[in-house]
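Grab a pencil and work through these exercises with the model open beside you. Try each task before you read its solution.

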Amino acid sequence: MATNAVLISLCSFAVLILAYFTYGRFLARRIFRLDPNRPTPAHTKQDGVDYVPTKIPVLFGHHFASIAGLGPILGPAIAVIWGWGPAVLWVVCGCIFMGAVHDLGALTVSLRYQGRSIGDVCSDLIGHRARFLFLLIIFFLMSLAMGAFVNAISALFVKFHPGAIIPSFGLMLVAMCIGIAVYRLRVGLGPATVVGLIAFGGLIYWGVQQPLPTYQWFASDATQQLLTESRNAGADVDHGSIAAAQVLQESGHESAAADLTAAATTASRTWIYVLLGYGFVASVLPVWLLLQPRDYINSFQLYLALALLVAGLAVAASTGSDFNVIDAAMIRDDPQMGAPPMVPFLFVTIACGAVSGFHSLVSSGTTVRQLDRETDALPIGFGAMLTEGALAILVIMSCVAGLGSQAWEAGGAYASWGGIGKGGLGVQLDAVIHGGANFLSEVGVSERFGQAFLAVTIVAFAMTTLDSATRLLRFNVEEIFRSIKLEPLANRYFASLIAVGGIALFAQPQGAALWVLFGTTNQLLAGLTLLTVSLFLFKLRRPIIYTLIPMGMMLVMTAWAMAIQLDGFYKDKQWLLFGVSVVVVLMTTWLVIEAILSFCRGRGGLSIAHDDEDPHDDQSEVVSATHLG
């Protein structure tokens, strides 16, 4: 069993399903006391724009697409360096006892506060200073996350999968056409969906046939001439700068290979600027024009990718394929590989996929305002988190079984921390793409097309997360300006500039350090959200052990990881990351102290009958477009 990928996957899925029908129902009925007859904000504040009662299947698709960004892909791809056993165990247990509890708790608290965000509710439960601290922490968190995402997307475009460029940007046009057709021309959603999906499939095929090797645009004339000659001779120089540079090096043109590597660096930097510009534009465009239709089309893409991965794994098992055999060690505790200690870094490296503070922003943002009945929070909040855990399990299997044994041998990506951990985010995503494409090949999808499909899937979700998070970050900035009485600066253009500037600060190649710091900050937010939910239950005189224990674990693990990271950042003179870490630690400590003081004030005294209008109209707009992963 220890090497059977499909068996481990099926066992993990079975545990997640069992948890839904037992622990999930217990929490919903006994702890959060969801009542199907209590009117939800979607009904009490229904406006046809933000507050819209929505059926479970549709809302589940929106919520799942929103929370499933790069998080459940990158984190597990890195964390398997410590062995597949701890990664699977943390994903399954973290999902059930922390992530799903966190998401359901945030959704419930927001429900009882008429759809207000978790940060806003914090002002009632803890105090006004706590709300301000929450907003600042969210700013740093999203800036870090989006900086990591921009860095990863540019690496994929240049170094590994230039075939993803055409479908990724073509999807924007397709989405905008769907938005205009449905919202302005009143075309039915069904026909628009069919046409959109066909067009998207055509774009993927086009991208596979015509990759855009943008790194060649910045190379010298002599290098371009060599690339043309290599291409004419049948060499593969159009599928990533790394492969192209290797072709030049093997043919004895080392100076041309060096020139191409430098050109790739310039191309990556250019893509970072392009992506930042896209984030700004997407942040100020109407929601219906780009974000909503992109999210909608992307959800179909993710469902298809999941189905194909599961089918490929099942076929591999039935045919006795090597791709069903796990090549990695169950637990890997080899000091020679140079990885940081598994504890506490496993718990911050796998963030989304086990527990994620981002999800509280989605749950208390868009989702809560579309919930038809309170009891729908169980399948949406709890169920979607478990589904994301299933995705993380498939990613783990793609890396430990789909990649093949050579990836774990000397010279392979997972041979040492230097190969996967310090190889950059593009390397980690590439491992998932290659491993997943091998699964897809088991069901007849060619390896080349499978890689392009998975690359586009990952990039599409990263892009969705980028544009949505930039919008949310813009409103977060506006909230900060309002809280310090600088109302004139709280306009969408200036706030978007600040948001993009924050992302740009971290959109530089930082290897695994940036992702681990993002994971740490994200987990801090999860701990603080669980702290808020615990305080909510405490004031209502209900048991808090189910949220307090996960909260304690997350705060301890993240504080531990942060302390080690601070030492590393200081020694490596990474002053930006060092400074951000110090600020986040200080703010978190202050926020926890404020929460403890609120606990000390005792139970009761909680007013949750907020029927007044939401004073944050702009906040309503941003949360309607939140798609964080």
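**Exercise 1. Find the residue with positive phi that follows helix H6, then work out how covered the helix is.**

Solution. Step one: go to the end of H6 and you meet Gly-127, whose phi is positive, near 155°. Helices here are DSSP runs of H or I with at least four residues, and strands are runs of E with at least two, all numbered from the N terminus. This is a predicted model, where local features need pLDDT of at least 70, side-chain atom pairs count only at pLDDT 80 or more, and totals for chains, interfaces and linings use all residues. Residues are numbered from 1 along each chain as its sequence is written, and side-chain values use heavy atoms, with hydrogens and water left out.

Step two: check the helix itself. H6 covers residues 118-125, and seven of its eight residues are buried (buried means under 20% relative accessible area, exposed over 50%, partly exposed in between, with a 1.4 Å probe and protein chains only). Those buried residues are Ile-118, Gly-119, Asp-120, Val-121, Cys-122, Ser-123 and Leu-125.

**Exercise 2. Which residues does Leu-535 touch, leaving out those up to four places away in sequence?**

Solution. Start by placing Leu-535: you'll find it in helix H21, residues 512-539. Next, look at its surface: the relative accessible area is 0%, so Leu-535 is buried. Now list the partners, where contact means heavy atoms within 4.5 Å. Leu-535 touches Leu-125, Ile-126, Ala-595, Ser-598 and Phe-599. Leu-125 also turns up among the buried residues of H6.

**Exercise 3. Is Thr-547 buried or exposed, and what does Thr-547 touch?**

Solution. Thr-547 sits in helix H22. With a relative accessible area of 1%, Thr-547 is buried. Skip the residues up to four places away in sequence, and its contacts are Phe-32, Val-101, Leu-530, Val-533, Ser-534 and Leu-537.

**Exercise 4. Describe how helices H19 and H20 meet.**

Solution. First, the geometry: the axes of H19 (residues 447-483) and H20 (residues 492-506) come within 8 Å and cross at roughly 115°. Axes are lines fitted to C-alpha atoms, for helices over the stretch in contact, and angles run from 0 to 180 degrees between N-to-C directions.

Second, the contact. On the H19 side you get Leu-466, Thr-470, Leu-473, Arg-474, Val-477, Glu-478 and Phe-481; on the H20 side, Arg-492, Phe-494, Ala-495, Ser-496, Ile-498, Ala-499, Val-500 and Ile-503.

Third, sort them by type: ten are nonpolar, two polar and three charged. For the sorting, Ala, Val, Leu, Ile, Met, Phe, Trp, Tyr, Cys and Pro count as nonpolar, Asp, Glu, Lys and Arg as charged, and the others, Gly among them, as polar.

**Exercise 5. How many disulfides does the structure have?**

Solution. A disulfide is a pair of cysteine sulfur atoms within 2.5 Å. Searching the whole structure gives zero. Cys-399 is in no disulfide either, and the nearest cysteine sulfur, that of Cys-352, is 16 Å away. Cys-399 is buried too, at 0%.

**Exercise 6. What kind of aromatic pair do Tyr-570 and Phe-578 form?**

Solution. Rings of Phe, Tyr and Trp (its six-membered ring) pair if their centres lie within 6.5 Å; planes under 30 degrees apart count as stacked, over 60 as edge-to-face and the rest as tilted. There are 21 aromatic pairs in the structure. Tyr-570 and Phe-578 have centres 5.8 Å apart and planes at 50°, a tilted pair. Phe-578 has 24% relative accessibility, so it counts as partly exposed. For a group of rings, look at Tyr-23, Phe-26, Phe-97 and Tyr-546, which form one aromatic cluster.

**Exercise 7. Where does Lys-573 lie, and what is its phi?**

Solution. Lys-573 lies in the loop between helix H22 (545-571) and helix H23 (575-600). Its phi is near 60°, a positive value in a residue other than glycine. At 61% relative accessibility, Lys-573 counts as exposed.
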